[in-house]
Amino acid sequence: MSKLTETQTLILSRASQQADRIALPLPDRLRGGAANKVIVPLIQKGFLDEVEADIRKGEPMWRKTGDGHGTTLIITDAGFEAIGVEIETPQSEPEQVKPIPRTGTKQALLIEMLEAPDGATIAEIAKALNWQPHTIRGSMSGALKKRLGLTITSEKVAERGRVYRIAS
């Protein structure tokens, strides 16, 4: 068991009581260099983890990254163990909720075109959405496949070229 200061124990204890495991805000007396001296060893020992902060949800930020995003601190399983708190394990796995695309958007129109029996080519989609081909391919790969979990197939058709469809 690692030796923790009173302040480090307080930070981990507070985080262990939060449903989202966030270790912020820090105690009022911790600012600047003092905060770093307390937090950095906790990160190095694996008791806290720096993760991207979801600013839309109002998560507090530990530090800003250079790309306009921020990070927050969450307690790890090792952090729970370090303060002698047992981790509550859920009785059953929560169901993964798939995002639902909004209606009336270009993404919804893209999905509609790909769900059509004839499918759609990149050129047809580009004309309908006024998008560049690389934007279409990126949307199919990122938003549709990865985020929404849709399966997109393609086949070469003699008169039209490569036709994309959403598999049933």
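**Figure 1. Overview of the predicted model.** The structure shown is a predicted model. Its protein chain holds six helices and five strands. Followed along the sequence, these elements give the pattern α-α-β-β-β-α-α-α-α-β-β. Of the 168 residues in the protein chain, 30% count as buried. Among contacts between residues at least 6 apart in sequence, 52% join residues at least 24 apart.

Figure 2. Three strands form an open sheet in the order 1-3-2, and their pairing is antiparallel. Strand 1 (48–52) and strand 2 (63–64) are the edge strands; each has a single partner strand, so one side of each lacks a neighbour in the sheet. Five bridges join strand 1 to strand 3 (residues 70–75) in the antiparallel sense. Within this pairing, Glu50 lies opposite Leu73 of strand 3. Helix 2 (residues 32–44) packs on the sheet, where it touches strand 1 and strand 3. The direction of helix 2 makes about 95 degrees with that of strand 1.

**Figure 3. The largest nonpolar core.** In soluble globular proteins, nonpolar side chains tend to be buried together. The largest nonpolar core of this model contains 20 residues, and Leu26, Ile39 and Leu48 have the most contacts inside it. Helix 1 (6–16), helix 2, strand 3 and helix 3 (77–82) are the elements that each give two or more residues to this core. Helix 2 supplies the largest share, four residues. Leaving aside residues up to four places away in sequence, Leu26 touches Ile11, Arg14, Ala35, Ile39 and Trp62.

**Figure 4. The packing of helix 4 and helix 6.** Helix 4 (residues 106–115) packs with helix 6 (residues 133–147) at an angle of about 85 degrees, and their axes are 12 Å apart. Angles of 65 to 115 degrees count as roughly perpendicular, so helix 4 is roughly perpendicular to helix 6. On helix 4, the contact is made by Gln107, Leu110, Ile111 and Leu114. Helix 6 contributes Ser139, Met140, Ala143, Leu144 and Arg147. By class, the residues of this contact are six nonpolar, two polar and one charged.

**Figure 5. The hairpin of strand 4 and strand 5.** Strand 4 (residues 152–157) and strand 5 (residues 161–166) form antiparallel pairing over six bridges. The two strands make a hairpin, with three residues between them. Ile152 stands opposite Ile166 of strand 5.

Figure 6. Val163 is placed in strand 5. Its relative accessibility is 0%, so Val163 counts as buried, the cut-off being under 20%. Not counting residues up to four places away in sequence, Val163 touches Asp118, Gly119, Ala120, Thr121, Thr153, Ser154, Glu155 and Val157. Val163 and Leu114 are 49 residues apart along the chain, and 8.9 Å separates their C-alpha atoms. Leu114 also belongs to the contact that helix 4 makes with helix 6.

Note on methods: Residues numbered from 1 in each chain as written. Predicted model: local features only at pLDDT ≥ 70, side-chain atom pairs only at ≥ 80, totals over all residues. Heavy atoms only, no water. Pairing = 2+ DSSP bridges. Contact = heavy atoms within 4.5 Å. Axes fitted to C-alpha atoms, helices over the stretch in contact; angles between N-to-C directions. Core = buried A, V, L, I, M, F, W, Y, C linked by side-chain atoms within 4.5 Å. Buried < 20%, exposed > 50% of the residue type's maximum accessible area, 1.4 Å probe, protein only. Parallel < 35°, antiparallel > 145°, perpendicular 65-115°, else oblique. Nonpolar A, V, L, I, M, F, W, Y, C, P; charged D, E, K, R; others polar.
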